[in-house]
Amino acid sequence: MGRDGSTAREVPVLEVENVSVAYSGRTILDAVSFEVRAGEFTGLIGSNGVGKTTLLRVVLGLQRPGSGEVRVLGAPRVRRSRSLGYVPQKVVLDPDVPMRARDLVALGIDGHRFGVGRRSKHQRERVDQMLHAVDAERFANSRVGSLSGGEQQRVLIAHALVSQPKLLLLDEPLANLDPKSVQEIVALLHRLSTDQDVAILLSAHEMNALLPVMDRIVYLSGGRAASGTTDEVVRPEVLTKLYGHHVDVLRLHGRVLVVAEPGAGGHDIPDHPPLTVV
Amino acid sequence: MHVLFEPGFFVSGPVHTAAVLGAVVAVVSAIVGVFTVMRSQSFAGHALTDVATTGGSGAFLVGLNPLAGFIGGGVIGAGAMDLIGVQRVRSRDLATGIVLGVATGLSALLLYLDTTQHATTGATQQILFGSIFTVDPSTVPVVIALGAVTLAAIAVISRPLLLSTASPEIAAVAGIPVRLIGLLFMLALAVAVALSSIAIGSILSTALLIGPPATALRLSRSVHAAMILACALGVATTWLGILLAYDSYYWVSSHQALPVSFFIVAITVVLYLLSGLPAVRRRAGRVDPPPTAAPMTPPVPAAPRRQAAR
Amino acid sequence: MFSGFMANAWEVGTIVAIVAGVVGFFVVLRGAAFPAHAIPNGAFAGAAGANLIGVNPLVGLGVFSVLAALGIGTLGRRGKADVATALALVMMLALGAAFLSQSTQYEPEIFSLLFGEILGVSTTEILPVAVLGLVCVLVVGLLYRRLMITSLVPEVAAARGISPYLIELAFLLVVACATTMTVPVVGALLVFSLMIGPPAAARCLTDRPGLAMLGSVLIALATLWAAIACSFESNWPVGFFVATFSAAWFGLGRGIAAVRQRRGLWSGRPAESVA
């Protein structure tokens, strides 16, 4: 798969193969493997501190794994990959900075270029397109730092997508959002994934909001990962093996609950100790 | 032993004064400095030495007590910085820079007005660089007293100060007057810095305010431990510096001793660099986070933002 | 006021103000006020050292400003930025004090480097200032977008293969060049105000980065020109006027920012809005 001349659509956009990361004697990621195919929506699910950000950093080339390999569009991960867009966690933009939303999105096209110069008509149109796609036209000419958290997030998504990457990575975009905003962002991302023909990999600590749109899930626990469709992965047998202790999976009104026995030690269950309904 | 302690070290009057003064200043600087470093206000701490010096030279030139000028200048400068400054770290540094600029401009003016009146050979150098060996012993009690007052003030506000340093939002919700606490801290910082500037000079003032606390914070797990370690490091550095400066008189055939400031700063910087070594940090139980891609300029803490209507 | 030696002052002043406006835009954006102060101060120690060993003080100035920039950049990579700047600064100053202590004479020329003498600039001094100034502006132009993106979203920049650390080092070196080239004319301490006040004011007046940089240059020019004129009339030092006018612009900027924010002009929409 990948290097035999097959069409681009058949080469996975992202291949993570046996990636391990250890730090200060602690194993953070242990032989993690998964794939993301073109146009797919993949959720990287795991509780806080389990290594989601580390995994994303390895994919982005910001951190070198102890072992294993990452391939983007069949080629080994290179520093300056134009095929990846990235929206980091917790970006805080200073209201004193003189930069409009539109300017920040435009930097997504040429932020790496040397020199100054007027952007071409084509480039400016592309920026307008992206602002429209993320529904940010209302505040396109406002200072980025004066926007609310949700608005800034849209601008950052537009910034990441304006150069037409094949894969968009988002680190915990849903954290600290109220349920309504979560729904809006998930719907937006799903729409973008189709319209812009971009695969999405986003990390979250609970999966229920993503169930309607997720094609695949990568479930992280204790440094190990199980990947596949939600139906394949979110099953008692699979998760019990992953966690190392007995786990039940309940489905209730279209929502999924992963439940550990009271008093079971070991790894955190995403999103809660024993029982929470979301 | 003779090699380390040159003749006359322990009986020298100036050395005694220097040692006592140095230790007092080191302790005050260490404690105030721990908060300064935690609050990312190193620029203000340094700028205030220059502002205080402007006040001191101004007072000196009009015949007032320089100490009053130092402290007055520092306090006014700190007040101005706090009033103009905003919560965001980067904007605070701008306010500090503006106040520093004005103080420097005033220095230029004073120097000009002064040179048209009488010669300043040496006086400028004395004020700019200071010299711990030539301090008048009579200022020692005043310095100690004011230092004690500053420490007492810090002790009084230490808990609200810690909380508002860790998180201004949480502190505000807890009913702490964050702006007021910030201002009080700046005033205490001004006094501490003014004292150390006049006792040991501006360079050392900043070095002892920032160096030992920064080193201690890297190696300690709690603020209290950091304060104790910072005091210990500050005092040890100062005494070792005094010793080496005294000895250096004998090293160079020209018998021009190297200034104490040089030794103390060098030791301070070396200690800070050592504390950054991965091996040292692991021993201290502090695990390094993986190197981030963030730039070295300070991150902007979240300003309270209007949230989207829910 | 515009003839003879004063013509030189106007020319040099114009160059200095343009460079200060351009570089200052990023100094303010990146929160690099402390390094902008520390680098020329540290460089001054180098001048003293050079003087000691009989080398042209300007060479010492240049070498130490580069050392200061690199020191701040590397020390600050892992630790806190402001701590790194403070320690790099005091190390340089202590070296300066050590150099001075080994010299038995009092050197008034060294102290003139602190405050400069723009009104006494000779024609031959203009060219080096112009050349260095051009270098600074060109480098900023070259790195403009990288500077912007690393200032705003450093993690995203890193993901795109731009190293925020290297850009920071490059920027500090530009600051070193900008402050050092102005030391002989405006002094080590005063171009600093010019790099803070005018840009801080400009960015309160407009939301667009290009316009903010232009405003920064224009306000810096106005400030330095006014300072030169006032200094000529009153004989008081130029630096005093530069500092006070810069402070005035800063205050004006903050006032306008407050008004715009309250009126909702900041965000381009009415004050209350729904995302």
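**Chains, core and contacts**

Modeller: Chain A has 7 helices and 12 strands. Helices (H or I, at least four residues) and strands (E, at least two) are DSSP runs, numbered from the N terminus. This is a predicted model: local features need pLDDT of at least 70, side-chain atom pairs count only at pLDDT 80 or more, and totals for chains, interfaces and linings use all residues. Residues are numbered from 1 along each chain as its sequence is written, while chains are lettered from A and ligands numbered from 1 in the order in which they are written.

Biologist: How many helices and strands are in chain C?

Modeller: Chain C has 13 helices and 0 strands. Its pattern along the sequence is α-α-α-α-α-α-α-α-α-α-α-α-α.

Biologist: What percentage of the residues in chain C is buried?

Modeller: Of its 275 residues, 64% are buried. Buried means that 20 or more other C-beta atoms lie within 10 Å of the residue's own; exposed means 12 or fewer, partly exposed is in between, and C-beta atoms are placed from the backbone. In chain A, 44% of the 278 residues count as buried.

Biologist: And which residues touch the most other members in the largest nonpolar core?

Modeller: They are B:Leu189, C:Val23, C:Ala68, C:Leu87, C:Ala94 and C:Val175, in a core of 267 residues. Helix H4 (residues 81-102) of chain C gives the most to this core, 17 residues. A nonpolar core is a set of buried Ala, Val, Leu, Ile, Met, Phe, Trp, Tyr and Cys residues joined through C-beta atoms within 7 Å.

Biologist: What does C:Ala94 touch?

Modeller: Skip residues up to four places away in sequence, and C:Ala94 touches B:Ile203, B:Ser261, B:Phe262, B:Val265 and B:Ala266. Two residues are in contact if their C-beta atoms, placed from the backbone, lie within 7 Å.

Biologist: How many residues of chain B are in contact with chain C?

Modeller: 49 residues of chain B meet 55 residues of chain C. On the chain B side, H4(B) supplies the largest share, 16 residues. That side divides into 30 nonpolar, 17 polar and 2 charged residues. Here Ala, Val, Leu, Ile, Met, Phe, Trp, Tyr, Cys and Pro count as nonpolar, Asp, Glu, Lys and Arg as charged, and the others, Gly among them, as polar.

Biologist: How many residues does chain A bring to its contact with chain C?

Modeller: Chain A brings 33 and chain C brings 29. H2(A) gives the largest share of the chain A side, 4 residues. By class, the chain A side has 16 nonpolar, 8 polar and 9 charged residues.

Biologist: New topic. At what angle do H3(C) and H4(C) cross?

Modeller: Roughly 145°, with the axes of H3(C) (residues 57-78) and H4(C) coming within 8 Å. Axes are lines fitted to C-alpha atoms, for helices over the stretch in contact, and angles run from 0 to 180 degrees between N-to-C directions. Among the residues that meet are C:Phe64 and C:Ala68 in H3(C), and C:Leu87 and C:Met92 in H4(C). The contact has 9 nonpolar, 3 polar and no charged residues.

Biologist: Where is the kink in H6(B)?

Modeller: At B:Ser158, shortly before the proline B:Pro160; the kink is about 60°. The bend at a residue is the angle between axes fitted to the seven residues ending there and the seven starting there. The buried residues of H6(B) include B:Ile154 and B:Leu161.

Biologist: Back to chain A. Is A:Val97 buried or exposed?

Modeller: A:Val97 is buried, because 23 other C-beta atoms lie within 10 Å. A:Val97 sits in the loop between E6 and H2 of chain A. Leaving out neighbours within four places in sequence, A:Val97 contacts A:Val144, A:Gly145, C:Leu29 and C:Leu152.

Biologist: What about the phi of A:Ala31?

Modeller: A:Ala31 has a positive phi of about 50°, although it is not a glycine. A:Ala31 is in strand E2 (residues 26-36) of chain A. A:Ala31 counts as partly exposed because it has 14 C-beta neighbours inside 10 Å.

Biologist: And where is A:Leu73 found?

Modeller: In the loop between strand E4 (67-72) and strand E5 (75-76) of chain A. A:Leu73 is not a glycine either, yet has a positive phi of about 55°. With 17 C-beta neighbours inside 10 Å, A:Leu73 counts as partly exposed.
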